[in-house]
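Dear colleague,

Please find the structure below, followed by a short account of what was found in it.

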Amino acid sequence: MSMKLQAFGRLLAEEHARTVREHEALLAAFADLDLLCRRPSGACSPDVTVLDDVVGTARELHESASSELLDVLPPWFPPGEPVGHRVLRDQLPVLLRVADREVVLVGESAGSGLLVRSGLARGMGQLFDLLWDRVTASVRDQVLRLMAAGMDDTEVAAATGRSVRTVRTHVAAIMTELGAGTRLAAGVAAVRRGWL
């Protein structure tokens, strides 16, 4: 079997495993939400609070988080508002903020949302991790391709819409993962591994 075919098989297996993990995490999150909101009276659990001020609550969560704050920020999230430790922008149309994997805020642009304190917050944290891995891998792939095409960090940043600092972080991670000391060596190693 050729090396390219083996590399393609590995990529397919990795993509399948990632899809299965995402599917399982989604099912667990929806099962948790269903349990929280399935009450005889139709009211949600005391662990779920309906909100009118999503941005104000997001600010409060930012101030109260002690170890980790994960954000998926929609286009409507106000500029200048404090953001989390790991931030994804424009990946979902709603705000998703996970504080210390204990509290999750989901909100829409109209200002309404839900604040959940339960196992669902841990599940949403896992969903964030999956989304983070997917977006990071996608950006890293873009950086690798542009880097291999001979672009410098500034040109890659302009082409991807990322900051030069972010591009440099990705370049360093790519070179470390490939065990390469130079960009040229990284390109050669990427070709040998079937990444390019």
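Which residues form a nonpolar patch on the surface? They are V191, W195 and L196, with about 260 Å² of accessible area together. Patch members have over 30% relative accessible area and no salt bridge, with nonpolar side chains joined within 5 Å; areas come from the Shrake-Rupley method with a 1.4 Å probe. V191 is found in helix α6 (residues 183–192), helices being DSSP runs of H or I of at least four residues and strands runs of E of at least two.

This is a predicted model: local features need pLDDT of at least 70, side-chain atom pairs pLDDT 80 or more, while totals for chains, interfaces and linings use all residues. Residues are numbered from 1 along each chain, and side-chain values use heavy atoms, without hydrogens and water.

There are eight salt bridges, defined as a side-chain nitrogen of Lys or Arg within 4 Å of a carboxyl oxygen of Asp or Glu. In one of them, E68 meets R86 at 3.7 Å, N to O. E68 lies in the loop between α2 (54–64) and β2 (69–73) and R86 in strand β3 (residues 86–89), so the pair ties together parts 18 residues apart in sequence.

With kind regards

Conventions: Patch = residues over 30% accessible without salt bridge, like charges linked within 9 Å, V, L, I, M, F, W, Y side chains within 5 Å.
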